[in-house]
Amino acid sequence: MFSQNSPWIILFFLSAAGCSSRVDKWVQARPEVFPTSGVVMFDGKPLAEALVTFHSDESNVSSYAKTDETGKFQLTTFEPNDGVVAGRHHVCVTKYKEPAVSQVPVELRSAPIPAPNLIPMRYGDPDKSELTANVASNGENHFVYRLDK
């Protein structure tokens, strides 16, 4: 009636039941986040592979996303694509060009190599960026940023 794997199967289900019934105190302490998305355009074209960061002006919580090939992004704070805390945010956008590994001398491959930012630095510094967002706790949070040189 019992196979050789039965104890492992029973142990798996008991572990899964025990894990799912507990709520982590760190998860409970998280601020509420709201789905937030957008699009980044640079010189009129979608900006792919850029890092978008929302820095809250009201709490010490930041959110991030990477744009897809159409410039679209969806922000993450704690879980993938979960959203952003409500309130006003300073928004930063950066895109770095990483050198091809074949162009890096072998002796430098283990050291960090500075990569140039492909868009103006004024968009990447939270103290200088003029990009902002007001994330609402109700309603749609979709933002479009049009960057230029």
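Accessible areas here come from the Shrake-Rupley method with a 1.4 Å probe. With that in hand, and bearing in mind that this is a predicted model, let me start with the surface.

1. **Surface and burial.** The protein exposes about 10400 Å², and carbon and sulfur atoms supply 56% of that area. Of its 149 residues, 33% count as buried.

2. **Overall make-up.** You will find two helices and 10 strands in the protein. Read from the N terminus, the order is α-α-β-β-β-β-β-β-β-β-β-β. Contacts across the sequence are worth a look too: among those between residues at least 6 apart, 65% join residues at least 24 apart.

3. Which strands make up the open sheet, and in what order? The order is 5-4-8-9, and the pairing is antiparallel. Strand 5 and strand 9 (132-135) are the edge strands, each pairing on one side only. From one strand to the next, the twist averages 25°.

4. **Strand 4 and its two partners.** Strand 4 (residues 51-56) pairs with strand 5 in the antiparallel sense, over five bridges. These two strands form a hairpin, with five residues between them. In this pairing, Leu51 stands opposite Lys66 of strand 5. Strand 4 is also joined to strand 8 (residues 87-94), by six bridges and again antiparallel. There, His55 stands opposite His90 of strand 8.

5. **The two faces of strand 5.** In a regular strand, side chains alternate between the two faces of the sheet. Strand 5 (residues 62-66) has Ser63 and Ala65 on its covered face. Its uncovered face carries Ser62, Tyr64 and Lys66.

6. **Lys66 again, now in a salt bridge.** Side chains of opposite charge can pair when their charged atoms come close. Lys66 meets Glu49 in a salt bridge, at 3.0 Å from N to O.

7. Lys149 is exposed, with a relative accessible area of 72%, whereas Asp43 is partly exposed at 37%. Asp57 also forms a salt bridge, with Arg88, and here the closest N and O atoms are 3.4 Å apart. Asp57 sits in the loop between strand 4 and strand 5, Arg88 sits in strand 8, and they are 31 residues apart. Asp57 is partly exposed at 38% relative accessibility, and Arg88 is partly exposed at 35%.

8. **Val61, a loop residue.** Where is Val61? Val61 is in the loop between strand 4 and strand 5. With a relative accessible area of 15%, Val61 falls under the 20% cut-off and therefore counts as buried. Leaving aside residues up to four places away in sequence, Val61 touches Pro31, Phe54, His55, Ser56, Thr77 and Val85. The C-alpha atoms of Val61 and His89 are separated by 9.9 Å, and these two residues are 28 apart along the chain.

9. **Aromatic rings.** How many aromatic pairs does the structure hold? The structure holds three. Ring pairs link Phe54, Phe73, Phe143 and Tyr145 into a cluster.

Definitions and conventions
Residues are numbered from 1 along each chain as its sequence is written. This is a predicted model: local features need pLDDT of at least 70, side-chain atom pairs count only at pLDDT 80 or more; totals for chains, interfaces and linings use all residues. Side-chain values use heavy atoms; hydrogens and water are left out. Buried means under 20% relative accessible area, exposed over 50%, partly exposed in between (1.4 Å probe, protein chains only). Helices (H or I, at least four residues) and strands (E, at least two) are DSSP runs, numbered from the N terminus. Two strands pair if DSSP finds at least two bridges between them. Contact means heavy atoms within 4.5 Å. Rings of Phe, Tyr and Trp (its six-membered ring) pair if their centres lie within 6.5 Å; planes under 30 degrees apart count as stacked, over 60 as edge-to-face and the rest as tilted. Axes are lines fitted to C-alpha atoms, for helices over the stretch in contact, and angles run from 0 to 180 degrees between N-to-C directions. A salt bridge is a side-chain nitrogen of Lys or Arg within 4 Å of a carboxyl oxygen of Asp or Glu.
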